Amino acid sequence: MIYSDNDFILGMQQGFVDCAEWYEGETIIEYDEFTSYQNGNGFSSEATQQIDDIVKEFYEANKALLIESELTPEQCGHDLFLTANGHGAGFWDRGIDEIGDKLTEACQKYNFHIYANDSGLLEIE
C-alpha cells in the first residue's frame, strides 16, 4: 500500500501511542479522519507534542528505509517505541535483515520513559 507522508506519520504516531500505552497498561481511542491524532489518547498535550516531534523526526530521517521495510506505519511506530527502549523486540527482529539493523541503529539516539502525572495523563521523558 502507498501512503502519503502525513498518513504514514499519523499511523506511526498511533502505533507508537498504542505500544506505549499497552506497555503502561493504559487504553486509547484511535484517531480517525475527523479527529486529529492529538485527541482521544491518554497522553498530556505536552507529551503528545513530544511524540509528534519524535515520530516526524524519525520518519524524515529514515523514510526510505521505513518504506522499503514494507511494514505498516503502525508497525513502524510500535517498533520505534520498543527498539528505542531495548524491549527485546522491534525493527531488528522483523525479518527485514539489513533494513532492520539500520532502523535499529537509528533508534539508538532515543529512549522513552512513560509515566502517569498527578492528573492521570501519561507523560514522556
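Start with the largest nonpolar core, which has 33 residues; M12, F58, L66, L80 and F91 are the ones that touch the most other members. A nonpolar core here is a set of buried Ala, Val, Leu, Ile, Met, Phe, Trp, Tyr and Cys residues joined through side-chain atoms within 4.5 Å. Two or more residues of this core come from each of α1 (5–24), α2 (45–69), α3 (73–84), α4 (97–107) and β2 (122–124). The top contributor is α2, which gives eight residues.

Before going further, a word on what you're looking at: this is a predicted model, in which local features need pLDDT of at least 70, side-chain atom pairs count only at pLDDT 80 or more, and totals for chains, interfaces and linings use all residues. Residues are numbered from 1 along each chain as its sequence is written, and side-chain values use heavy atoms, with hydrogens and water left out.

Now pick out F91. Setting aside neighbours within four places in sequence, F91 is in contact (heavy atoms within 4.5 Å) with a whole list of residues, including F58, L66, L80, I96 and L103. Both F58 and F91 are buried, which is to say under 20% relative accessible area, where exposed is over 50% and anything in between is partly exposed (1.4 Å probe, protein chains only).

How do the rings of F58 and F91 sit together? Rings of Phe, Tyr and Trp (its six-membered ring) pair if their centres lie within 6.5 Å; planes under 30 degrees apart count as stacked, over 60 as edge-to-face and the rest as tilted. There are eight aromatic pairs by this rule. For F58 and F91 the centres are 6.0 Å apart and the planes are at 15°, so the pair is stacked. This pair links distant parts of the chain, with F58 in helix α2 and F91 in the loop between α3 and α4, 33 residues apart. Ring pairs also join F16, F58, F81, F91, Y110 and F112 into a cluster.

Step back and you'll find four helices and two strands, in the order α-α-α-α-β-β along the sequence. Helices (H or I, at least four residues) and strands (E, at least two) are DSSP runs, numbered from the N terminus. Buried residues make up 44% of the protein's 125 residues.

Finally, look at E70, in the loop between α2 and α3. E70 isn't a glycine, yet has a positive phi of about 65°. With 72% relative accessibility, E70 counts as exposed. D97, in helix α4, is another non-glycine residue with a positive phi, near 50°. D97 counts as exposed too, at 63% relative accessibility.
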